[in-house]
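I had a model open and wanted to know how its pieces hold together. These are my notes from going through it.

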Amino acid sequence: MSLFGAMFSGVSGLSAQSQAMAMISDNISNVNTVGYKGNVAAFSTLVTQSSFESVFSPGGVRADAVQLVNQQGLIQRTQSVTDLAIQGNGFFVVNTLQDPTSTDGQFLYTRAGQFEIDRDGNLVNTGGHFLQGWPLDEDGEIPNNATDLAVLRTVNTNGLTGSAQATESIGLKANLQSTQPVSANIGTYAAGNMAAGTFEPDFESSVQIFDSQGGTRAVTFGFVKSATANQWNVEAYIDPDNLTDPGVHTNGLLASGTMAFNTDGSLDLDNTSAALLNLNITWNSSLGVDNSTITVNYGSNDKFDGLTQFNGNSQMVSNDVDGAVFGSLSGIEVNDLGRVTALFTNGKRQDIFQLPIATFTNPNGLAPQVGNAYAETDESGDFTLNETGLGGAGKIAPSSLEASTVDLATEFTNMIVTQRAFSASGKIISTADEMLDELVRLKR
(Lines give C-alpha, C1' and ligand atoms only; values in the text may rest on other atoms or scores of the structure.)
Protein backbone atom coordinates (compact mmCIF):
# COMPACT_ATOMS: atom_id res chain seq x y z
CA MET A 1 0.00 0.00 0.00
CA SER A 2 1.25 3.52 -0.82
CA LEU A 3 0.99 4.67 2.81
CA PHE A 4 3.42 1.99 3.91
CA GLY A 5 5.59 2.89 0.95
CA ALA A 6 5.56 6.53 2.07
CA MET A 7 6.72 5.49 5.53
CA PHE A 8 9.56 3.43 4.08
CA SER A 9 10.47 6.37 1.84
CA GLY A 10 10.60 8.60 4.93
CA VAL A 11 12.82 6.06 6.67
CA SER A 12 15.22 6.08 3.71
CA GLY A 13 15.23 9.88 3.93
CA LEU A 14 16.16 9.71 7.61
CA SER A 15 18.95 7.26 6.80
CA ALA A 16 20.27 9.33 3.89
CA GLN A 17 20.25 12.59 5.85
CA SER A 18 21.93 10.84 8.77
CA GLN A 19 24.68 9.77 6.39
CA ALA A 20 24.99 13.34 5.11
CA MET A 21 25.23 14.65 8.68
CA ALA A 22 27.97 12.10 9.39
CA MET A 23 29.96 13.42 6.42
CA ILE A 24 29.47 17.02 7.55
CA SER A 25 30.60 16.18 11.07
CA ASP A 26 33.70 14.41 9.71
CA ASN A 27 34.53 17.43 7.57
CA ILE A 28 34.17 19.86 10.46
CA SER A 29 36.25 17.73 12.80
CA ASN A 30 39.05 17.64 10.18
CA VAL A 31 39.01 21.33 9.35
CA ASN A 32 42.61 21.65 10.61
CA THR A 33 43.87 18.29 9.34
CA VAL A 34 46.78 18.80 6.94
CA GLY A 35 45.97 17.62 3.42
CA TYR A 36 42.42 16.51 4.31
CA LYS A 37 39.94 16.33 1.44
CA GLY A 38 36.30 17.08 2.26
CA ASN A 39 33.44 14.64 1.71
CA VAL A 40 30.15 15.54 0.06
CA ALA A 41 26.91 13.57 0.05
CA ALA A 42 25.73 12.51 -3.39
CA PHE A 43 22.00 11.75 -3.21
CA SER A 44 20.33 9.38 -5.66
CA THR A 45 16.77 8.08 -5.96
CA LEU A 46 15.62 4.58 -5.08
CA VAL A 47 12.91 3.43 -7.49
CA THR A 48 10.43 0.63 -6.76
CA GLN A 49 8.77 -0.84 -9.86
CA SER A 50 4.95 -0.88 -9.81
CA SER A 51 2.77 -3.49 -11.49
CA PHE A 52 0.33 -0.84 -12.65
CA GLU A 53 1.06 2.48 -14.30
CA SER A 54 -1.75 4.12 -12.36
CA VAL A 55 -0.21 3.22 -9.00
CA PHE A 56 2.86 5.06 -7.73
CA SER A 57 5.19 3.07 -5.51
CA PRO A 58 7.63 5.31 -3.61
CA GLY A 59 11.22 4.15 -3.39
CA GLY A 60 13.08 6.73 -1.36
CA VAL A 61 16.63 8.07 -1.45
CA ARG A 62 20.17 6.99 -0.70
CA ALA A 63 23.32 8.99 0.10
CA ASP A 64 26.77 8.03 -1.16
CA ALA A 65 29.96 9.63 0.12
CA VAL A 66 32.12 11.32 -2.48
CA GLN A 67 35.56 12.45 -1.35
CA LEU A 68 36.95 15.18 -3.59
CA VAL A 69 40.55 14.02 -3.47
CA ASN A 70 41.51 16.00 -6.57
CA GLN A 71 40.70 19.34 -4.93
CA GLN A 72 43.69 21.58 -4.20
CA GLY A 73 43.95 22.91 -0.67
CA LEU A 74 45.51 26.25 0.27
CA ILE A 75 49.33 26.11 0.47
CA GLN A 76 50.55 27.68 3.70
CA ARG A 77 54.16 28.50 4.59
CA THR A 78 55.71 27.01 7.73
CA GLN A 79 59.02 27.22 9.60
CA SER A 80 59.91 23.52 9.31
CA VAL A 81 62.19 22.42 6.46
CA THR A 82 60.61 18.94 6.51
CA ASP A 83 57.07 20.24 5.93
CA LEU A 84 56.15 19.50 2.32
CA ALA A 85 53.16 20.28 0.12
CA ILE A 86 52.29 19.45 -3.48
CA GLN A 87 51.18 22.27 -5.75
CA GLY A 88 49.20 20.49 -8.45
CA ASN A 89 48.40 16.84 -9.11
CA GLY A 90 49.83 13.84 -7.34
CA PHE A 91 50.64 12.30 -3.98
CA PHE A 92 53.63 11.55 -1.80
CA VAL A 93 54.44 7.85 -1.65
CA VAL A 94 54.57 6.49 1.91
CA ASN A 95 54.78 3.08 3.53
CA THR A 96 53.25 1.81 6.74
CA LEU A 97 56.61 0.29 7.76
CA GLN A 98 60.14 1.67 7.92
CA ASP A 99 61.37 -1.17 5.68
CA PRO A 100 59.43 -0.88 2.39
CA THR A 101 60.76 -4.26 1.25
CA SER A 102 58.79 -6.04 4.00
CA THR A 103 55.71 -7.86 2.78
CA ASP A 104 53.92 -6.79 5.96
CA GLY A 105 54.03 -3.15 4.91
CA GLN A 106 51.75 -1.35 2.47
CA PHE A 107 52.45 1.45 0.04
CA LEU A 108 49.98 4.30 0.43
CA TYR A 109 49.59 7.75 -1.09
CA THR A 110 49.04 10.99 0.78
CA ARG A 111 48.95 14.76 0.53
CA ALA A 112 49.67 15.12 4.27
CA GLY A 113 53.25 16.37 4.17
CA GLN A 114 53.83 17.23 7.82
CA PHE A 115 56.98 15.12 8.10
CA GLU A 116 59.41 14.99 10.98
CA ILE A 117 62.68 13.16 11.56
CA ASP A 118 62.22 10.37 14.11
CA ARG A 119 64.88 8.97 16.43
CA ASP A 120 66.10 6.60 13.71
CA GLY A 121 66.52 9.39 11.15
CA ASN A 122 63.39 8.50 9.13
CA LEU A 123 60.99 11.08 7.75
CA VAL A 124 57.56 10.21 9.20
CA ASN A 125 54.29 12.16 8.99
CA THR A 126 51.70 12.57 11.74
CA GLY A 127 49.84 9.50 10.45
CA GLY A 128 52.88 7.34 11.20
CA HIS A 129 53.66 6.78 7.53
CA PHE A 130 57.26 6.70 6.26
CA LEU A 131 58.15 8.95 3.31
CA GLN A 132 59.52 7.06 0.30
CA GLY A 133 62.06 8.29 -2.24
CA TRP A 134 64.49 7.21 -4.94
CA PRO A 135 67.99 6.77 -3.46
CA LEU A 136 70.48 8.72 -5.57
CA ASP A 137 73.80 7.37 -6.76
CA GLU A 138 77.14 9.19 -6.48
CA ASP A 139 76.33 11.22 -9.59
CA GLY A 140 72.96 12.28 -8.20
CA GLU A 141 71.02 10.10 -10.65
CA ILE A 142 67.84 8.14 -9.88
CA PRO A 143 67.63 4.36 -10.58
CA ASN A 144 66.94 3.20 -14.13
CA ASN A 145 63.79 1.27 -13.08
CA ALA A 146 62.36 4.29 -11.29
CA THR A 147 58.76 3.39 -12.17
CA ASP A 148 58.87 0.37 -9.84
CA LEU A 149 57.87 0.72 -6.19
CA ALA A 150 60.50 -1.89 -5.32
CA VAL A 151 63.33 0.62 -5.83
CA LEU A 152 61.89 3.10 -3.33
CA ARG A 153 63.43 3.41 0.11
CA THR A 154 62.44 5.26 3.27
CA VAL A 155 64.05 8.71 3.33
CA ASN A 156 66.62 8.37 6.10
CA THR A 157 69.42 10.66 7.29
CA ASN A 158 70.89 8.37 9.93
CA GLY A 159 74.55 7.47 9.51
CA LEU A 160 75.37 10.25 7.03
CA THR A 161 78.79 11.77 7.63
CA GLY A 162 80.64 14.45 5.77
CA SER A 163 84.08 13.80 4.34
CA ALA A 164 87.11 16.01 3.91
CA GLN A 165 87.82 17.25 0.40
CA ALA A 166 91.18 18.36 -0.93
CA THR A 167 91.43 21.73 -2.65
CA GLU A 168 91.41 21.51 -6.43
CA SER A 169 90.99 25.15 -7.44
CA ILE A 170 91.87 28.64 -6.22
CA GLY A 171 90.34 31.82 -7.59
CA LEU A 172 92.02 35.15 -6.88
CA LYS A 173 90.79 38.73 -7.19
CA ALA A 174 93.45 41.31 -6.34
CA ASN A 175 94.92 44.60 -7.46
CA LEU A 176 98.63 45.22 -7.97
CA GLN A 177 99.61 48.90 -7.71
CA SER A 178 100.62 50.15 -11.15
CA THR A 179 102.79 52.95 -9.66
CA GLN A 180 104.71 50.57 -7.41
CA PRO A 181 108.41 51.61 -7.68
CA VAL A 182 110.70 48.99 -9.11
CA SER A 183 113.08 47.73 -6.43
CA ALA A 184 116.64 49.00 -6.70
CA ASN A 185 117.80 45.41 -6.29
CA ILE A 186 115.58 44.00 -9.01
CA GLY A 187 118.64 42.98 -10.98
CA THR A 188 119.56 40.50 -8.25
CA TYR A 189 116.16 38.84 -8.15
CA ALA A 190 115.97 35.17 -9.18
CA ALA A 191 113.07 32.73 -9.13
CA GLY A 192 112.66 31.28 -5.65
CA ASN A 193 114.12 34.27 -3.78
CA MET A 194 110.76 35.26 -2.26
CA ALA A 195 110.12 31.69 -1.09
CA ALA A 196 113.62 31.56 0.41
CA GLY A 197 113.09 34.89 2.16
CA THR A 198 116.08 36.54 0.47
CA PHE A 199 114.03 39.06 -1.54
CA GLU A 200 111.22 41.13 -0.02
CA PRO A 201 107.98 40.97 -2.05
CA ASP A 202 106.33 44.22 -3.05
CA PHE A 203 103.01 42.52 -2.20
CA GLU A 204 102.28 39.22 -0.49
CA SER A 205 99.03 37.44 0.40
CA SER A 206 98.16 33.95 1.67
CA VAL A 207 95.12 31.73 1.07
CA GLN A 208 94.06 28.67 3.03
CA ILE A 209 93.82 25.34 1.25
CA PHE A 210 92.87 21.81 2.38
CA ASP A 211 94.76 18.55 1.99
CA SER A 212 93.14 15.13 1.39
CA GLN A 213 92.46 14.66 5.11
CA GLY A 214 90.96 18.10 5.61
CA GLY A 215 94.11 19.65 7.09
CA THR A 216 94.41 23.39 6.55
CA ARG A 217 97.57 24.69 4.86
CA ALA A 218 98.63 28.13 3.65
CA VAL A 219 99.72 28.94 0.09
CA THR A 220 101.41 32.32 -0.21
CA PHE A 221 101.52 34.36 -3.41
CA GLY A 222 104.39 36.87 -3.61
CA PHE A 223 104.62 39.66 -6.21
CA VAL A 224 107.63 41.80 -7.19
CA LYS A 225 107.34 44.60 -9.77
CA SER A 226 109.51 43.84 -12.82
CA ALA A 227 111.69 46.34 -14.64
CA THR A 228 109.63 45.46 -17.71
CA ALA A 229 106.51 47.62 -17.94
CA ASN A 230 103.22 45.98 -16.98
CA GLN A 231 104.95 42.85 -15.72
CA TRP A 232 105.37 41.27 -12.28
CA ASN A 233 107.47 38.40 -10.95
CA VAL A 234 105.23 35.94 -9.12
CA GLU A 235 105.94 33.02 -6.81
CA ALA A 236 103.60 30.59 -5.05
CA TYR A 237 105.03 28.80 -2.03
CA ILE A 238 104.04 26.84 1.08
CA ASP A 239 104.77 28.37 4.46
CA PRO A 240 106.25 26.74 6.50
CA ASP A 241 108.31 24.96 3.88
CA ASN A 242 108.78 21.77 5.96
CA LEU A 243 105.24 20.73 4.98
CA THR A 244 106.41 19.90 1.46
CA ASP A 245 108.91 17.37 0.17
CA PRO A 246 112.27 19.21 0.24
CA GLY A 247 113.55 17.12 -2.63
CA VAL A 248 110.77 18.49 -4.88
CA HIS A 249 110.03 21.94 -3.47
CA THR A 250 113.06 23.97 -2.49
CA ASN A 251 112.05 26.30 0.34
CA GLY A 252 108.45 25.26 -0.30
CA LEU A 253 108.38 26.82 -3.80
CA LEU A 254 105.44 25.53 -5.87
CA ALA A 255 105.64 27.69 -9.01
CA SER A 256 107.26 30.86 -10.29
CA GLY A 257 107.02 33.01 -13.38
CA THR A 258 105.92 36.38 -14.71
CA MET A 259 102.44 37.87 -14.87
CA ALA A 260 101.59 40.44 -17.53
CA PHE A 261 98.93 43.15 -17.77
CA ASN A 262 97.56 45.21 -20.62
CA THR A 263 97.90 48.97 -20.78
CA ASP A 264 94.33 49.37 -19.50
CA GLY A 265 95.13 47.36 -16.34
CA SER A 266 93.42 44.14 -17.43
CA LEU A 267 95.06 40.73 -17.20
CA ASP A 268 97.21 39.60 -20.13
CA LEU A 269 97.21 35.81 -19.93
CA ASP A 270 98.85 35.44 -23.34
CA ASN A 271 102.11 36.74 -21.89
CA THR A 272 101.72 35.21 -18.43
CA SER A 273 103.80 32.15 -17.49
CA ALA A 274 101.79 28.95 -17.84
CA ALA A 275 103.64 27.50 -14.83
CA LEU A 276 101.63 29.79 -12.55
CA LEU A 277 98.29 28.30 -13.61
CA ASN A 278 98.74 24.90 -11.93
CA LEU A 279 100.26 24.07 -8.56
CA ASN A 280 101.49 20.49 -8.15
CA ILE A 281 102.20 19.89 -4.49
CA THR A 282 104.20 16.96 -3.17
CA TRP A 283 103.55 16.97 0.57
CA ASN A 284 106.05 15.79 3.13
CA SER A 285 105.55 12.04 3.57
CA SER A 286 105.29 12.52 7.34
CA LEU A 287 101.89 14.14 6.83
CA GLY A 288 100.46 10.93 5.34
CA VAL A 289 98.25 12.74 2.81
CA ASP A 290 97.79 12.54 -0.94
CA ASN A 291 99.68 14.93 -3.18
CA SER A 292 97.64 17.86 -4.51
CA THR A 293 97.04 19.35 -7.92
CA ILE A 294 95.46 22.80 -7.79
CA THR A 295 94.31 24.97 -10.68
CA VAL A 296 94.72 28.71 -10.06
CA ASN A 297 92.29 31.11 -11.73
CA TYR A 298 93.77 34.62 -11.89
CA GLY A 299 90.89 35.90 -14.01
CA SER A 300 89.86 36.05 -17.67
CA ASN A 301 92.14 37.25 -20.43
CA ASP A 302 91.73 40.96 -21.18
CA LYS A 303 89.12 41.22 -18.39
CA PHE A 304 88.93 42.81 -14.96
CA ASP A 305 87.35 39.86 -13.10
CA GLY A 306 90.56 38.62 -11.44
CA LEU A 307 93.96 40.26 -11.02
CA THR A 308 94.19 43.88 -12.17
CA GLN A 309 96.86 46.57 -12.27
CA PHE A 310 95.54 49.99 -11.32
CA ASN A 311 96.94 53.01 -9.52
CA GLY A 312 95.66 51.93 -6.13
CA ASN A 313 97.08 50.10 -3.17
CA SER A 314 98.06 46.50 -3.78
CA GLN A 315 95.45 44.39 -1.99
CA MET A 316 93.70 41.05 -2.06
CA VAL A 317 90.02 41.70 -2.85
CA SER A 318 88.77 38.14 -2.42
CA ASN A 319 89.67 34.51 -2.94
CA ASP A 320 87.58 31.47 -3.81
CA VAL A 321 88.99 28.15 -2.59
CA ASP A 322 87.19 24.82 -2.83
CA GLY A 323 87.71 21.81 -0.57
CA ALA A 324 86.57 21.33 3.01
CA VAL A 325 87.49 19.95 6.40
CA PHE A 326 85.65 16.94 7.83
CA GLY A 327 82.06 17.78 8.77
CA SER A 328 79.06 16.18 10.45
CA LEU A 329 75.41 16.29 9.42
CA SER A 330 73.76 19.57 10.40
CA GLY A 331 70.37 19.21 8.69
CA ILE A 332 68.52 18.57 5.45
CA GLU A 333 66.58 20.57 2.92
CA VAL A 334 64.15 19.73 0.12
CA ASN A 335 63.84 21.85 -3.01
CA ASP A 336 60.85 22.29 -5.33
CA LEU A 337 62.11 19.46 -7.56
CA GLY A 338 61.92 17.00 -4.66
CA ARG A 339 65.68 16.73 -4.12
CA VAL A 340 66.51 15.85 -0.52
CA THR A 341 69.91 17.33 0.31
CA ALA A 342 72.04 16.61 3.38
CA LEU A 343 73.85 19.64 4.83
CA PHE A 344 77.14 19.28 6.70
CA THR A 345 78.93 21.54 9.15
CA ASN A 346 81.85 22.00 6.74
CA GLY A 347 79.55 23.65 4.22
CA LYS A 348 79.34 20.64 1.91
CA ARG A 349 76.05 19.45 0.44
CA GLN A 350 75.05 15.98 -0.76
CA ASP A 351 71.91 15.00 -2.67
CA ILE A 352 70.66 11.77 -1.09
CA PHE A 353 67.08 11.21 -2.31
CA GLN A 354 64.65 12.28 -5.00
CA LEU A 355 60.97 12.31 -4.04
CA PRO A 356 58.63 10.81 -6.65
CA ILE A 357 55.09 12.08 -7.22
CA ALA A 358 52.44 9.38 -7.78
CA THR A 359 49.57 10.29 -10.10
CA PHE A 360 46.31 8.43 -10.85
CA THR A 361 43.81 8.61 -13.68
CA ASN A 362 40.96 8.93 -11.17
CA PRO A 363 42.26 10.09 -7.80
CA ASN A 364 38.69 10.34 -6.47
CA GLY A 365 38.51 6.56 -6.77
CA LEU A 366 41.25 6.00 -4.15
CA ALA A 367 40.27 4.25 -0.93
CA PRO A 368 40.69 6.35 2.24
CA GLN A 369 42.95 4.85 4.91
CA VAL A 370 43.68 5.72 8.54
CA GLY A 371 46.22 8.52 8.81
CA ASN A 372 44.88 10.68 5.97
CA ALA A 373 46.30 8.42 3.26
CA TYR A 374 44.82 6.52 0.33
CA ALA A 375 45.19 3.08 -1.20
CA GLU A 376 45.06 2.18 -4.88
CA THR A 377 41.81 0.62 -6.17
CA ASP A 378 40.41 -0.58 -9.47
CA GLU A 379 38.42 2.66 -9.73
CA SER A 380 41.47 4.85 -9.23
CA GLY A 381 43.50 3.12 -11.91
CA ASP A 382 47.18 2.25 -11.72
CA PHE A 383 49.69 4.69 -10.27
CA THR A 384 52.44 6.38 -12.26
CA LEU A 385 55.64 7.55 -10.58
CA ASN A 386 56.92 10.83 -11.99
CA GLU A 387 59.55 13.39 -11.20
CA THR A 388 58.07 16.68 -10.04
CA GLY A 389 56.65 18.78 -12.85
CA LEU A 390 56.72 15.91 -15.37
CA GLY A 391 53.92 13.72 -16.69
CA GLY A 392 51.19 15.84 -15.14
CA ALA A 393 52.74 15.70 -11.65
CA GLY A 394 52.72 18.83 -9.53
CA LYS A 395 55.69 20.52 -7.91
CA ILE A 396 56.77 20.29 -4.31
CA ALA A 397 56.49 23.36 -2.10
CA PRO A 398 59.15 23.03 0.63
CA SER A 399 58.54 24.45 4.10
CA SER A 400 54.82 24.45 3.32
CA LEU A 401 51.69 22.48 4.14
CA GLU A 402 48.45 21.95 2.24
CA ALA A 403 45.47 23.00 4.33
CA SER A 404 42.20 21.07 4.55
CA THR A 405 39.72 21.76 1.74
CA VAL A 406 36.88 22.10 4.29
CA ASP A 407 35.06 25.45 4.32
CA LEU A 408 33.29 25.96 7.64
CA ALA A 409 30.70 28.38 6.27
CA THR A 410 29.65 25.84 3.64
CA GLU A 411 29.57 23.01 6.17
CA PHE A 412 27.36 24.91 8.61
CA THR A 413 25.00 25.82 5.79
CA ASN A 414 24.85 22.19 4.71
CA MET A 415 24.22 21.21 8.33
CA ILE A 416 21.12 23.43 8.50
CA VAL A 417 19.80 22.08 5.20
CA THR A 418 20.45 18.49 6.31
CA GLN A 419 18.76 19.06 9.65
CA ARG A 420 15.66 20.46 7.95
CA ALA A 421 15.60 17.59 5.46
CA PHE A 422 15.87 15.09 8.33
CA SER A 423 12.95 16.76 10.11
CA ALA A 424 10.92 16.72 6.89
CA SER A 425 11.60 12.98 6.44
CA GLY A 426 10.41 12.43 9.99
CA LYS A 427 7.29 14.43 9.21
CA ILE A 428 6.56 12.04 6.33
CA ILE A 429 6.54 9.12 8.76
CA SER A 430 4.33 10.87 11.33
CA THR A 431 1.89 12.06 8.67
CA ALA A 432 1.63 8.60 7.09
CA ASP A 433 1.04 7.18 10.57
CA GLU A 434 -1.82 9.62 11.17
CA MET A 435 -3.34 8.66 7.83
CA LEU A 436 -3.10 4.95 8.71
CA ASP A 437 -4.71 5.69 12.08
CA GLU A 438 -7.53 7.49 10.32
CA LEU A 439 -7.95 4.49 8.05
CA VAL A 440 -8.23 2.16 11.06
CA ARG A 441 -10.87 4.42 12.63
CA LEU A 442 -13.06 4.04 9.53
CA LYS A 443 -13.70 0.41 10.53
CA ARG A 444 -14.97 1.53 13.93
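The entries below go topic by topic, starting with the ground rules.

**Ground rules.** I am working with a predicted model, where local features need pLDDT of at least 70 and side-chain atom pairs count only at pLDDT 80 or more, while totals for chains, interfaces and linings use all residues. Numbering runs from 1 along each chain as its sequence is written, and side-chain values use heavy atoms, with hydrogens and water left out.

I looked up an open sheet of 5 strands, which run in the order 12-13-14-15-16 with antiparallel pairing. Strand 12 (203-210) and strand 16 (267-268) are at the edges with a single partner strand each, so one side of each has no neighbour in the sheet. For my own reference, strands are DSSP runs of E with at least two residues, helices are runs of H or I with at least four, and both are numbered from the N terminus. Two strands pair if DSSP finds at least two bridges between them. Strand 13 (residues 216-225) and strand 14 (residues 231-238) are joined by 7 bridges in the antiparallel sense. Along that pair, I found Phe221 opposite Ala236 in strand 14.

**Core.** Which residues have the most contacts inside the largest nonpolar core? They are Val219, Phe221, Leu279, Tyr298 and Leu307, in a core of 30 residues. Such a core is a set of buried Ala, Val, Leu, Ile, Met, Phe, Trp, Tyr and Cys residues joined through side-chain atoms within 4.5 Å. Buried means under 20% relative accessible area, exposed means over 50%, and partly exposed is in between (1.4 Å probe, protein chains only). Among the elements that give two or more residues to this core are strand 11 (169-177), strand 15 (253-261), strand 17 (278-281) and strand 18 (292-297). Another core lies apart from it, with 22 residues that include Leu108, Val155, Val340 and Ile352. Back in the 30-residue core, I listed contacts (heavy atoms within 4.5 Å) for Leu279. Leaving aside neighbours within four places in sequence, the partners of Leu279 include Val219, Phe221, Ala236 and Leu254.

**Salt bridges.** I get 8 in the structure, each being a side-chain nitrogen of Lys or Arg within 4 Å of a carboxyl oxygen of Asp or Glu. Glu402 and Lys37 form one of them at 2.5 Å, N to O. Glu402 sits in strand 29 (residues 400-402) and Lys37 in the loop between helix 1 (2-29) and strand 1 (39-45), so this pair ties together parts 365 residues apart in sequence. Both ends are buried: Glu402 is at 1% relative accessibility and Lys37 at 0%. Arg217 and Asp211 make another salt bridge, at 3.0 Å N to O, and Asp211 is buried at 1%.

Next I checked Glu438 and Arg441, whose closest N and O atoms are 2.3 Å apart. Both lie in helix 3 (residues 408-443), 3 residues apart, about one turn of the helix. Salt bridges that share partners also join Lys37, Arg111 and Glu402 into one network.

**Asp83.** The side chain of Asp83 does make a polar contact with that of Thr78, at 2.9 Å. A polar contact is a pair of N or O atoms within 3.5 Å; within protein, one must be able to donate a hydrogen and the other to accept it, and residues adjacent in sequence count only if both atoms are side-chain atoms.

**Thr359.** I found Thr359 in strand 24 (residues 357-359), buried at 13% relative accessible area. A polar contact of 3.2 Å links the side chains of Thr359 and Asn386.

Most residues other than glycine have a negative phi, and most peptide bonds are trans. Asp239 and Pro240 are joined by a cis peptide bond, with omega about 5 degrees. Pro240 is in the loop between strand 14 and strand 15. Asn251, found in the loop between strand 14 and strand 15, has a positive phi near 60 degrees. Asn230 has a positive phi of about 60 degrees, and lies in the loop between strand 13 and strand 14.
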